[in-house]
Amino acid sequence: MSATVTTTKSTSTPGKGNGPASRMSLGKVLLIVAGALIALSVLRALVDAAQQADFDRVTSAGQIGAALSMAVPIGLAGLGGLWSERAGVVNIGLEGMMILGTFFGAWAGYQTNPWVGVLAGVLGGALGGLVHAVATVTFGVDHIISGVAMNILALGATTYLAKRWFEPLADIGGSPKNSPQVDPIQTFTVPGLSDWLADLENHHWFLVSDVAGILGGLVTDISALTVVSVLLVVGSFFALWRTSFGLRLRSCGENPTAAESLGVNVYLYKYAAVVISGGLAGLGGVFLALVRSHIYNEGQTGGRGYIGLAAMLFGNWRPGGLAMGAGLFGYSDALQLRNGGATVHALLLLVALGLAALAAWRIVRKSYVAGAVSGAAAVALLLWYALSDTVPGGLVSATPYIVTLLVMGLASQRLRMPKANNRPYRKGQGT
């Protein structure tokens, strides 16, 4: 029996599954990045031509800075989902944990200082994660039901507490819907480099100025919490894929019975993963309250917990892909807020060309039905672009959500979630 198993493992086809052989090489990643930069340059040229005037361009430092600000809370929510699902627990309650982060972050921030607010928001989200862990891990409640209940509970609790805690503070800006103003978290700019990139951007050279604008947005007026968030993405990769702790945690999401037989305390690792997940989602909520607006507002998460889950799926349960997905969704969100219908209209052409290339690739791989669907969508978008000058305001505001659906539809065929995800587990079930 053991000889048979060994033979099977040694003859497995490389490149299948979610192992190292299936990852993209550095050359492919660089090629994708170069293609994205050229696409953005073309988009900027199209919008400049349509506007026939200089304005806040789609590759300007301001646009990239806004996109980064939009992407961070989405990325933190997605990172929380990654920790939880790698341990086998689906966390639909990320939205509720973000709500807890916004509320407790602002509540503690206005009373003391913003960094105490950051800690309070993380603890609030972690508390939500603990409730979700008790329900799913200890009592075996369906993960989806528990997550939805978590969202409802968080919304109800913060609405009640806001009336009790913020309404009496009307003289300093409080109300049942929002907190008083909170001091901002410090930002920083890389001296010298930021000015040089801004000067290069102002030349409006194709590609060169666009790259300068993108880099300028990454080194100008960056919040300290943004740096912390980037470090958390990198740290999560090393913690989950380069440590024995991460190996044990991921084994709980792949085969908890086998992990238990090797002495892993599966319950403990699941609890740790879900609590960390809640803390990361809470930090995303803190970012919305203390960096984006300096105030708690009811409903300010705006579904970003769910978009974070979409970013996690886009990234195939890996931090790097998750960060790319969050950046894409954040950019589309900032695009519609800062530049409006003309930019989104130009985006139609780029999406159409991308779908046409995808259709050709699928037909070459003999996926004729999928290729035909992609080709039909490309033709429809080309006709829309050719027969119109702008995009209706309602669709402009819905751009981030449309991009989410489109990306998930295109990425769904390559997803590979942890094998034991959303499956009930009881200690000793393998004996």
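The accessible surface of the chain in this predicted model comes to about 20300 Å², and 68% of that surface belongs to carbon and sulfur atoms. Of the 431 residues of the chain, 48% count as buried. The secondary structure consists of 18 helices and two strands. Among the contacts in the chain with a separation of 6 or more, residues 24 or more positions apart account for 79%.

One of the helices, α12, covers residues 266-292 and therefore has 27 residues; its span from the first C-alpha to the last is 38 Å, close to the 39 Å expected at 1.5 Å a residue. Because 20 of the 27 residues of α12 are buried, this helix is largely enclosed by the rest of the structure. After α12 comes His-294, a residue whose phi is positive, with a value near 60°.

Helix α12 also takes part in the lining of a cavity. A search of the whole structure finds one cavity of 30 Å³ or more, and about 70 Å³ of space lies in the largest cavity. The residues that line the largest cavity are Gly-88, Val-89, Thr-136, Val-137, His-143, Tyr-267, Lys-270, Arg-423, Pro-424, Tyr-425 and Arg-426. Two helices, α5 (114-138) and α12, each supply at least two residues of this lining.

Aromatic side chains were examined next. A pair of aromatic rings is described by the distance of the centres and the angle of the planes. A search of the whole structure finds 13 aromatic pairs. One of them is formed by Phe-103 and Phe-166, whose rings are 5.2 Å apart from centre to centre with 45° between the planes, an arrangement that counts as tilted. This pair links distant parts of the chain, since Phe-103 belongs to helix α4 (residues 94-111), whereas Phe-166 lies in the loop between α6 (143-165) and β1 (187-188), 63 residues apart from Phe-103. Both Phe-103 and Phe-166 are buried.

A further pair is made by Phe-104 and Trp-107, whose ring centres are 6.4 Å apart; the planes stand at 90°, which is over the 60 degrees required, so the pair is edge-to-face. Phe-104 and Trp-107 are three residues apart in helix α4, and they are therefore separated by about one helical turn. An α-helix has 3.6 residues a turn, so residues three or four places apart point the same way. The two members of the pair fall into separate accessibility classes: Phe-104, at 18% relative accessibility, counts as buried because the cut-off is 20%, while Trp-107, at 28% relative accessibility, counts as partly exposed. The residues of both pairs belong to one aromatic cluster, which is formed by Phe-103, Phe-104, Trp-107, Tyr-110, Trp-165, Phe-166 and Tyr-296.

The loop between α13 (304-314) and α14 contains Asn-316 and also Trp-317. For Asn-316, phi is near 55°, a positive value in a residue other than glycine. Trp-317 is likewise a residue other than glycine with a positive phi, in this case near 60°. Although both are placed in a loop, Asn-316 counts as buried at 10% relative accessibility, and Trp-317 counts as buried at 4% relative accessibility.

Ala-326 is buried, with a relative accessible area of 3%. When residues up to four places away in sequence are not counted, Ala-326 touches Ala-71, Ile-74, Gly-75 and Ala-311. The C-alpha atoms of Ala-326 and Ala-310 are separated by 8.7 Å, and the two residues are 16 residues apart along the chain. Ser-332 counts as buried at 4% relative accessibility. With residues up to four places away in sequence again left out, the residues touched by Ser-332 are Thr-399, Pro-400 and Val-403.

Conventions: Residues numbered from 1 in each chain as written. Predicted model: local features only at pLDDT ≥ 70, side-chain atom pairs only at ≥ 80, totals over all residues. Heavy atoms only, no water. Phe/Tyr/Trp six-rings, centres within 6.5 Å; stacked < 30°, edge-to-face > 60°. Helix = DSSP H or I, 4+ residues; strand = E, 2+ residues; numbered from the N terminus. Buried < 20%, exposed > 50% of the residue type's maximum accessible area, 1.4 Å probe, protein only. Contact = heavy atoms within 4.5 Å. Areas by Shrake-Rupley, 256 points an atom, 1.4 Å probe, with all protein chains shown as cover. 1 Å grid on protein atoms, 1.4 Å probe; cavity = no way out; pocket = protein on both sides within 12 Å on 5 of 7 lines; lining within 4 Å. Points joined across faces, edges and corners; volume = space filled by probe spheres on them.
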